[in-house]
Amino acid sequence: MAGRSRWDDLVGRRAPEALRRGLTFWRRSIQARVVVSTVLLSAVVIAAVGWFLLRQVEHGLVQRRVDAILAEVASENSQAESVLRGTPGTDTNATRQALNFVQGLSVSGQARGFRVVMVSPGRPGQRLQDRGPEATRRADLDSIPRSLIDHFDALGAEASTSHTAWTFTTLKGSGRPGHAAEVPGVVVGTVVSFNSSTTSRTLYYLFPLDDVQETLALVTRALLTAAVLLLLLIAALTYLLTRQIVTPIRMARRVAERLAAGQLQERLRVAGEDDLARLATSFNQMATNLQRQIRQLEELSRVQRRFVSDVSHELRTPLTTVRLAGSVLHEARTDFDPATRRAAELLQTELDRFENLLVDLLEISRFDAGAAVLDLDDVNLTDVIRRVVDGTRSLADQRLTRVVVRAPETPCIAEADVRRVERIVRNLVTNAIDHAESKEIVVMVAADEQAAAVAVRDHGVGLATGDSALVFNRFWRADPARARTSGGTGLGLAISLEDTHLHGGWLQAWGKPGEGAQFRLTLPRYAGHPLRHSPLPLVPDDAAEVVA
Amino acid sequence: MSQGEDFRARVLVVDDDAALSEMLSIVLRQEGFDSHVVERGDEALDAFHAYHPDVVLLDLMLPGKDGIDVCKEIRAESGVPIVMLTAKGDTVDVVVGLESGADDYVVKPFKPKELVARIRARVRRNDVPGSDTLSVGPLSIDVAGHAVTRDGQPVSLTPLEFDLLVCLARKPWQVFTREVLLEQVWGYRHAADTRLVNVHVQRLRSKIETDPENPEIVLTVRGVGYKAGSSSGQQ
C-alpha cells in the first residue's frame with residue numbers, strides 16, 4: 001500500500017510538474033516550436049515520397065520477375081514436351097508418362113527453385129488431392145488458389161495445349177529451408193497432353209517470390225535509414241537557422257529587461273547591416289531617447305526639489321520672526337484697547353492657520369517631487385493611537401465628543417515610519433472629531449502576520465455615495481457651505497494618502513449619509529511586502545447588514 | 001527665573017537673519033535669559049569662547065561657515081547644549097545636524113513657548129540627587145561627579161549623553177520606550193520625535209561600546225525601545 005501511494009504521489013505531483021515545465025518551455029521557445037513543426041512537416045512529406053518510391057520499385061520488380069517466370073515456364077514446357085515427343089510411343093501408361101514428366105521437371109525445378117504439380121482434369125469443385133496429383137517434393141496443393149483451378153476446369157477439354165494462366169498466391173510450407181513458412185509466390189498453370197493419352201493434364205508451376213521480397217526489404221531499410229538521416233539533418237538545420245534569428249531576439253529581450261529595471265545605459269551590440277542589426281539600431285535609439293527623457297525628468301525633479309527646499313527656507317525664517325512677534329503682541333494683549341487686542345488675537349490664530357497651510361503645502365510638494373523618504377522601524381500602532389488620542393483629547397473635549405480605543409492585548413507591530421504613521425492617525429482622528437457631531441468615536445487596531453490596520457469610526461454626518469473616493473482629494477470639501485472649524489488645511493487626508501502609499505499601504509474610506517464614516521489604514525507588516533488583505537473590515541460591523 | 005534673580009542663563013544665538021535674531025533676543029529677554037547674537041558662522045566660535053553660554057541656538061545655514069561645522073567645532077571642545085534652528089524638517093537634515101553633535105532641534109517656524117521649553121530643558125539639568133556610583137558592564141558611572149570611566153579610562157560624554165546613560169543604567173534590564181526616554185532625559189511630553197533618541201543612542205554607543213555595530217551596553221529591543229545590559233551580568 002505504501003509503495004502504491006508513493007507511486008501515486010510520483011504520478012500525482014512530479015508528472016504534471018514535468019508536463020507543466022515542458023509546456024512552459026514549449027510556450028516560451030520559438031526555436032523549439034519551429035524545429036518541431038519543421039521536422040513534423042518534413043516527416044509527412046518524406047513518408048509520402050518514400051511510400052510512392054517503394055510502390056514503384058515493388059511494382060517494377062514483381063513485373064519483371066513474373067515476365068521471367070512466364071518465359072521460364074514456356075521454355076520448360078516446350079523442353080519437357082520435346083522430351084516427351086522424343087520418347088517412343090510404346091509406353092502407353094499415361095500415369096507413368098506423367099510421373100516421368102514431373103520428375104524431369106523436378107530436376108530443373110530443384111535448381112531454379114520452383115515446384116510442379118500435375119493433376120488430371122476433374123469435375124468443377126473437386127479438390128486437387130482427389131485428382132491424382134503428381135507433385136514434386138514440398139509442393140503444397142493448398143497453395144494453388146481456387147480461382148486458377150476453376151479457370152482450367154472451365155476450359156475443360158477445349159483447353160489447347162500450352163495455354164497458360166497465372167496468379168499471385170501465398171506458398172505455404174514450401175519455402176526454402178530456413179525461410180519463412182509462408183512466402184508470396186506466383187502460380188502458373190498450363191495444359192499439357194501426352195501422346196499416349198487423349199486427355200490433357202493441368203500442370204501448375206509454383207514459383208516463390210522470396211528473392212523479390214528480400215530485395216524489397218533491403219530497399220525499404222535503405223529508404224528508412226535515408227529518411228531518418230534526412231530528418232535529423234533538417235532538425236539540425238532548422239535549429240541552427242532559428243538560433244541565428246532567436247539569439248539576437250533573446251539578447252534584445254535581456255537588454256530590454258535590464259532597461260526596464262533602470263539600467264538605462266544598457267545597449268544592444270550592433271553587428272552588420274541586416275534586419276537584426278537594424279532592429280538593434282532602432283532599439284538602441286529608443287533606449288537613448290528614453291534615457292534622455294528620463295534624465296530630463298530627473299533633472300526637473302531635482303530642480304523642483306531644490307526649489308521647494310529653498311522656498312521652504314526662505315519662507316520659514318521670516319514667518320518665524322512674524323510668529324515670535326505675534327506671540328509677543330498676543331502675550332501683551334491685555335494692555336491694549338479692545339480693537340488692538342482683537343487684532344492681536346486674530347493675528348495669532350491666522351498665523352497658526354497660515355503656518356499649518358505652509359507646512360502642509362511644503363509636505364505635498366515634497367511628495368510631488370518624489371523627495372519623501374521613509375525612516376523605517378518596527379512601530380506598535382497601539383502606542384501610536386494612544387499618543388494621538390491623548391494629544392487630541394483637548395480638541396475632542398472642546399467638541400463634546402469622546403475617542404474610545406479598542407486595541408488587542410498584544411502589540412500591533414508594523415515596519416513603518418513612526419512620524420508619518422502618527423501624522424496619518426492624527427489626521428484621521430481630527431477629521432473624525434470634526435465630523436462626529438459630538439457622537440462617540442471609536443479607534444480600532446488589529447494586526448496579523450502580514451498586515452496591521454487602524455480604523456477610525458465616527459457616527460456623524462457620514463459620506464454621500466461616491467464621496468469616499470473624493471475625500472482624499474486636495475482641498476476637497478463634502479459640503480462647500482460647511483465651515484472648517486478645527487483649522488484643517490484641506491490637505492490632511494491627501495497627505496495621509498501619500499504617506500500611506502509611501503509605505504505600500506492602503507487608506508480607504510467608507511461612509512453613508514447619516515450613519516457616519518469609517519477610515520481604515522492598512523500597513524504591510526514588512527515595508528515593501530505586497531498587501532492582500534486587511535485585519536479589519538472597511539465596512540464596520542454595525543453597518544454591514546444595512547449595506548447587505 | 002526659577003534659578004533666582006542672581007542667575008540668568010546665557011544663550012548664544014547664531015543666526016544670519018537680523019530680524020529673527022533681534023526677535024529671538026526680545027523673546028529670550030522676556031523669558032529671563034541673557035542673549036548674545038552672532039550673524040556669521042566663522043565668528044561663532046570666538047563668540048562662544050568670549051560669552052561662555054549655557055545654551056547655543058544655532059541656525060544651520062550660515063554665511064562664513066556652515067552650521068554643521070560650527071556645531072562640530074563647539075562639540076569638540078565643550079559639552080554645552082546645542083539646539084539647532086532648522087528650516088528643513090527633512091529627516092536627512094535633522095539627522096545630519098544631530099549627528100554632528102546637536103542635542104536637540106526646533107523646526108522653523110516655531111512657537112516661542114516651544115523654543116523656550118527646549119532651552120529650559122537643556123539649561124535645567126534634571127539632576128537627580130545622589131552620590132552613588134553605577135556600573136554597567138565595563139563602565140563605571142560616577143553620578144555626582146559627572147564622570148564615566150571604561151576599564152579605568154575616562155570617557156568623555158556630553159551632559160545629554162551622560163543623562164541618557166544614567167537613565168538607562170539606573171534600571172538595568174528595564175526596557176525604556178523612546179517616548180519615555182524623551183520625557184525623562186529631554187524633559188518633553190508629546191514632543192514625539194523619536195529620531196532624537198535614535199541618533200543620541202548611536203552617538204552614545206560610538207563612545208562607550210567596543211563595537212558600536214554589536215552593542216553590549218545599550219541594547220535595542222526591536223519594536224519597543226532600549227535597555228541597558230551588561231554582558232557580565234547576563235546569564
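**A helix position and an open sheet**

Author: B:Val185 belongs to helix H7 of chain B, residues 178-186; helices (H or I, at least four residues) and strands (E, at least two) are DSSP runs numbered from the N terminus. The model is predicted: local features need pLDDT of at least 70 and side-chain atom pairs pLDDT 80 or more, whereas totals for chains, interfaces and linings use all residues. Residues are numbered from 1 along each chain as its sequence is written, while chains are lettered from A and ligands numbered from 1 in the order written.

B:Val185 counts as buried because it has 24 C-beta neighbours inside 10 Å; buried requires 20 or more other C-beta atoms within 10 Å, exposed 12 or fewer, and partly exposed lies in between, with C-beta atoms placed from the backbone. Beyond four places in sequence, B:Val185 is in contact (backbone-placed C-beta atoms within 7 Å) with B:Asp163, B:Leu164 and B:Cys167. B:Leu165 is 20 residues away in sequence and 9.4 Å away in space, C-alpha to C-alpha.

In chain A, five strands form an open sheet of mixed pairing, ordered S7-S9-S10-S12-S11; two strands pair if DSSP finds at least two bridges between them. S7 (403-406) and S11 (506-512) of chain A are at the edges with a single partner strand each, so one side of each has no neighbour in the sheet. S11(A) and S12(A) (516-524) run antiparallel, joined by seven bridges, and A:Trp510 stands opposite A:Gln518 in S12(A). Helix H8 of chain A (381-391) packs on the sheet, touching S7, S9 (441-447) and S10 (451-458), at about 165° to S9(A); angles run from 0 to 180 degrees between N-to-C directions of axes fitted to C-alpha atoms, for helices over the stretch in contact. Helix H10 of chain A (418-435) lies across S7, S9, S10 and S12, at about 15° to S10(A).

Technical notes. Two residues are in contact if their C-beta atoms, placed from the backbone, lie within 7 Å.
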